[in-house]
Amino acid sequence: MTSLNLLALVSIGYVAILFSVAFWADRMALRGRGAWFMGSPLIYTLSLSIYCTAWTFYGAVGYAARSGMEYVTIYLGPTLVMIGWWWGLRKLVRVGRSQRISSIADLLSARYGKSNVLAISVTVLAVVGVTPYIALQLQSITLSVSIFAEADPTRSYNEAGTVFWIATGLACFAILFGTRNLNANERHHGVVMAVAMEAVVKLVALLAVGIFVVWGLAGGVDAALTRIDQSPIGQWQVQGGRWVAITFVAAAAFVCLPRMFQVMVVENEDERHLRTAAWAFPLYLLLISIFVVPIAALGLELLPEGANPDLFVLTLPLSQGQNGLAMLSFLGGFSSATSMVIVAAMSLSTMVSNHIVMPIWLRSTGAFGGASVSGDVRTVVLMARRFSIAAVMALGYAYYQISGGGAALAAIGLISFSGISQILPALVGGLFWRGATRAGALAGLAVGFGLWAYTLLLPEVAGGLFSTQMLEHGPFGLSWLRPQALFGVEGLDPIVHCVLWSMSLNVAAFCIVSVISFPSPLERLQGVQFVHVFDHSAGPGGWTGSVAQSEDLMVMSQRILGPEEAQAFFQRALDRQGGPGPLPEPTPEFLEQLERELSSSIGAAAAHAMIGQIVSGAAVSVEDLLAVADESAQLLEYSSRLEAQSQELSRTARKLRETNQKLTQLSEQKDAFLSQVSHELRTPMTSVRAFSEILRDQPDLSDADQRKYASIIHDEALRLTRLLNDLLDLSVLESGEVTLNQSRRGLSEVLDHALASALAGADRKLLVHRDATAEAMIELDTDVDRLAQVFINLIANAQKYCDADRPELRIDVSQAVDALHIDLRDNGTGIPAEFQGVIFEKFSRVTPERAGGAGLGLAICREIMHRLGGDVAYLPGASGAAFRVTLPYMAKIEEIR
Amino acid sequence: MTGRVVLVEDEANIAEAIRFLLSREGWQVEVHGDGHDALEVIMAAAPDLVILDLMLPGKSGMEITREIREMQAFADLPILMLTARGQVKDREMAERAGVTRFMTKPFSNTEVLTAVRDLNAQAQQARGGAVAGRDPVRDAG
């Protein structure tokens with residue numbers, strides 16, 4: 001009998017070997033050695049064997065003891081996938097590498113437009129699906145230990161404590177070798193090596209037990225076959241439905257299980273390894289399953305009734321006193337359990353930390369973007385992974401504690417498998433159907449997982465949740481909703497029932513929603529990248545550099561940098577490398593320098609993409625493409641901004657030029673005006689000064705002369721005053737600061753007043769003709785004083801300038817549609833045609849100076865009339881000088897309103 | 001020493017003042033108010049001095065000056081120009097056109113008289129050198 005102490009010693013020794021193998025492999029990988037061994041297809045194939053967990057090791061025998069040959073389906077699924085669908089796996093591996101996929105959640109997220117929702121969903125579902133499975137492994141170890149404990153009464157066996165310490169140890173291992181550093185490719189050589197070693201251990205252990213059973217106990221192959229026929233196993237009927245369903249579920253789980261994805265895709269060194277694995281892994285499965293039936297048959301025959309068939313692998317050798325073999329068998333089961341738990345915890349933690357913890361951390365710290373490459377974030381990611389591993393292990397442990405380890409191992413395994421396989425439609429659809437969309441994937445997953453939970457997980461595992469009544473009559477008495485007889489489909493095995501409904505509705509929802517929903521641009525791009533991954537990604541061996549690549553790089557660099565600069569750059573690199581030439585080797589340092597050099601010309605993203613294309617032949621990834629597009633968009637926006645600015649500038653320049661022109665014009669006008677004003681002021685002042693000096697200096701002047709000169713001074717002073725008044729008036733009118741005093745008065749009254757003012761003190765008689773009837777009808781509502789000023793000016797002009805012998809002025813009133821016309825005509829010769837255009841300009845004068853006006857009168861008239869909303873114009877073609885004053889009816893109309 | 005002066009000025013009051021001042025000095029003043037036929041008046045009068053307003057109806061003082069200078073007989077005729085426009089460029093233009101003295105309105109009577117005396121003296125000095133013997137006849141006239 002093996003004592004528990006020895007068992008513990010052996011276990012610890014085995015774990016120590018496991019640690020050292022992993023440690024050694026990591027060291028070798030770090031130094032870049034041992035690649036021939038670690039990177040061999042054999043190791044890859046062996047690492048795939050984590051598919052065979054404790055469930056396979058112990059459970060398959062139990063399965064066979066309970067259900068006959070049906071256990072074969074568990075191996076048939078993966079075998080069919082490896083042999084019949086290796087091309088699909090190759091595509092999966094290629095996509096995984098070209099997209100730098102870290103987990104199955106990452107893969108689905110990447111395929112469907114980097115959807116975080118999808119990643120979180122898959123992560124949660126994986127955790128839900130895999131946690132019972134981890135618990136299962138822990139349970140198997142406890143069970144196996146308990147076998148030895150039963151046989152060793154010298155020590156009390158603390159089951160809970162054992163599980164706790166095992167779980168802690170496995171978590172430590174996963175943390176130690178799964179999160180040592182952050183590799184871009186997420187490969188873990190140490191873990192893979194340890195897993196491969198455990199694969200050998202469990203195969204050897206099972207083969208050894210099998211050989212012992214067949215040749216040691218049964219007495220040869222023939223005898224063994226006879227005994228099998230006699231056992232209950234020989235009488236089991238093959239249930240077609242269950243066979244198909246379980247084979248399918250096993251195949252799906254083989255592809256979709258997070259830990260399988262981890263070793264098959266993420267840890268894959270070279271996709272050519274799949275070629276080896278396609279025959280080697282089925283062979284492994286064959287070897288590991290070949291002795292299951294004999295062990296089961298002899299266990300049933302030799303061991304007492306009621307012995308747990310799940311532990312025949314252990315109890316059979318023990319019952320025969322084969323302690324060494326039992327120990328080996330124990331180690332095989334231990335290996336199966338530990339390798340699965342380690343890789344499962346690692347892969348789940350990657351998903352949990354990448355898709356749940358990191359997004360939350362990044363959002364909460366606002367560190368999105370800039371800090372993504374800093375060491376700070378790397379530490380956080382590693383910490384997140386470690387905590388996630390601990391959390392996953394804790395969950396498994398908790399589940400184990402709560403469930404109490406009751407259900408049969410195989411049952412839990414199948415439930416877990418059928419849950420995980422719900423990912424398959426979205427995965428396969430994403431790889432082969434460009435039309436698959438995020439919404440479709442989400443819909444399929446939701447429907448599939450919902451149905452799985454409703455029809456299988458909850459009734460089977462958490463049986464207490466559903467009452468018997470509900471199982472038999474459906475929720476709320478709706479019989480068609482009975483969890484295990486959905487839509488009235490009765491009499492099916494629960495597994496078959498679940499797979500049938502969940503898978504068919506999953507696929508249906510996925511396809512229908514994909515067809516009716518619309519993919520985002522990123523989804524479209526990624527869809528092309530996934531479905532046509534072989535068209536634009538490198539085959540195996542594309543990563544090694546060659547001189548031919550240097551030539552390609554040279555050609556590309558010349559195109560971007562220009563021939564001389566590119567040649568100089570390559571020459572410098574060659575000198576640094578000291579190689580034979582003529583071109584430098586495409587070493588990583590050189591490529592990095594070149595990328596930096598190019599990125600200054602074409603942008604970092606474009607440079608990275610172009611070098612990547614040549615060196616690796618790798619597809620330009622969607623990130624690269626998007627980054628290039630981003631850069632171009634930024635450039636485009638920048639240039640259009642520049643263009644807009646330059647347009648704005650030229651617009652401003654034009655405006656400034658125009659303004660300047662206007663200012664220059666105004667300045668010239670102002671100069672001319674000032675010069676005119678100066679002239680108009682100087683002239684009367686000259687007379688005033690001259691005559692006042694004469695009066696002062698000439699005492700002998702006659703009285704008549706004195707009076708004459710004094711009156712000249714007086715006249716000129718008046719002229720000055722008038723001029724200044726006019727100037728002020730004009731300035732007020734032109735600046736618009738004039739205030740109009742609207743009032744109501746008859747036209748005839750205004751004209752009476754104007755005539756009286758204009759003709760007062762006139763030395764020459766002016767005969768005025770008026771139309772009293774018409775005038776009487778007009779009532780004005782305007783600034784009548786200003787209007788009178790206009791009339792006074794015009795009448796005074798007639799009085800002064802009319803050259804007729806008997807000057808006459810005729811004032812006519814007429815009404816047009818919208819305005820009132822008041823025409824003033826004299827009987828003189830009128831204003832010569834050449835002056836008619838300028839008479840309303842300031843300082844314009846038609847007649848010689850003698851009349852004493854400064855030439856501002858008509859300008860003032862026009863300003864006033866404009867202010868009143870009307871106009872004053874010269875009427876050409878009349879016999880004498882004729883002016884028309886136009887007044888709008890506006891004021892009147894407003895008042896009527 | 002004084003002689004005949006033609007005064008072309010459209011401002012009647014200013015013309016009257018200058019006429020008054022110069023007559024007291026012994027000048028024979030002929031006033032003309034229009035630029036148009038000023039040259040004919042000057043040619044007919046053959047004055048010893050011309051006083052021109054710059055801004056005249058019909059023809060500007062500047063043009064009249066140029067026309068005067070174009071005639072050989074009047075090459076040395078002193079021309080005093082009066083203007084109410086006091087800009088520097090006017091003075092420069094006037095000097096280029098051949099104006100002997102330029103004066104801005106308003107001026108004091110003394111200024112005008114001094115200018116006329118100066119111009120007359122200069123002219124006589126020039127003539128004294130060139131055509132000796134004519135002066136006594138003039139003085140007697």
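In the predicted model, strands E1(B) and E3(B) run parallel and are joined by four bridges. Within this pair, B:Leu7 lies opposite B:Ile51 of E3(B). Helix H1 of chain B (residues 12-25) packs on the sheet and touches E1, E2 and E3 of chain B. The direction of H1(B) makes about 170° with that of E2(B). Helix H3(B) also packs on the sheet, where its contacts are with E1, E3 and E4 of chain B; the angle between the directions of H3(B) and E3(B) is about 150°.

The sheet of chain B is open and has five strands, in the order E2-E1-E3-E4-E5, with parallel pairing. Its edges are formed by strand E2 (28-32) and strand E5 (101-104) of chain B, each of which pairs on one side only. From one strand to the next, the twist averages 15°. Chain B as a whole comprises six helices and five strands, which follow one another along the sequence in the pattern β-α-β-α-β-α-β-α-β-α-α. Of its 141 residues, 35% count as buried. When contacts in chain B between residues at least 6 apart in sequence are considered, 55% of them join residues at least 24 apart.

Helix H3 of chain B (residues 61-70) was examined for its buried positions. B:Gly61, B:Met62, B:Ile64, B:Thr65 and B:Ile68 are buried in this helix. These residues lie on the same side of H3(B) because they cover an arc of only 160° around the axis. In general, an α-helix has 3.6 residues a turn, so residues three or four places apart point the same way. The cover over the buried residues of H3(B) includes strands E1 (4-8), E3 (49-53) and E4 (79-83) of chain B. It also includes helix H2 (38-45) and helix H4 (88-97) of chain B.

Chain A likewise contains an open sheet of five strands, with the order E2-E4-E5-E7-E6 and mixed pairing. E2 and strand E6 (871-874) of chain A are at the edges with a single partner strand each, so one side of each has no neighbour in the sheet. The twist in this sheet averages 15° from one strand to the next. Helix H35 of chain A (residues 857-867) packs on the sheet and touches E6 and strand E7 (882-888) of chain A; its direction makes about 140° with that of E6(A).

Strand E2 (residues 767-770) and strand E4 (residues 808-815) of chain A run parallel and are joined by four bridges. A:Val768 stands opposite A:Leu809 in E4(A), and A:Arg770 has A:Ile811 of E4(A) as its bridge partner. E4(A) pairs in the antiparallel sense with strand E5 of chain A (residues 819-826), over seven bridges. One residue of this pair, A:Asp812, has A:Asp823 in E5(A) as its bridge partner.

The average pLDDT of chain A is 78, and 82% of the residues score at least 70. Among its elements, E5(A) has the highest mean pLDDT, 90, whereas helix H36 of chain A (residues 890-896) has the lowest, 44. The pLDDT is below 50 over residues 537-547 of chain A; this stretch has 17 contacts in the model beyond near neighbours in sequence. Residues 891-897 of chain A also have a pLDDT below 50, and four contacts beyond near neighbours in sequence are found for this stretch in the model.

Conventions: Residues numbered from 1 in each chain as written. Chains lettered and ligands numbered in written order. Predicted model: local features only at pLDDT ≥ 70, side-chain atom pairs only at ≥ 80, totals over all residues. Buried ≥ 20, exposed ≤ 12 C-beta atoms within 10 Å, placed from the backbone. Helix = DSSP H or I, 4+ residues; strand = E, 2+ residues; numbered from the N terminus. Arc of directions from axis to C-beta. Contact = placed C-beta atoms within 7 Å. Pairing = 2+ DSSP bridges. pLDDT = per-residue confidence, 0-100. Axes fitted to C-alpha atoms, helices over the stretch in contact; angles between N-to-C directions.
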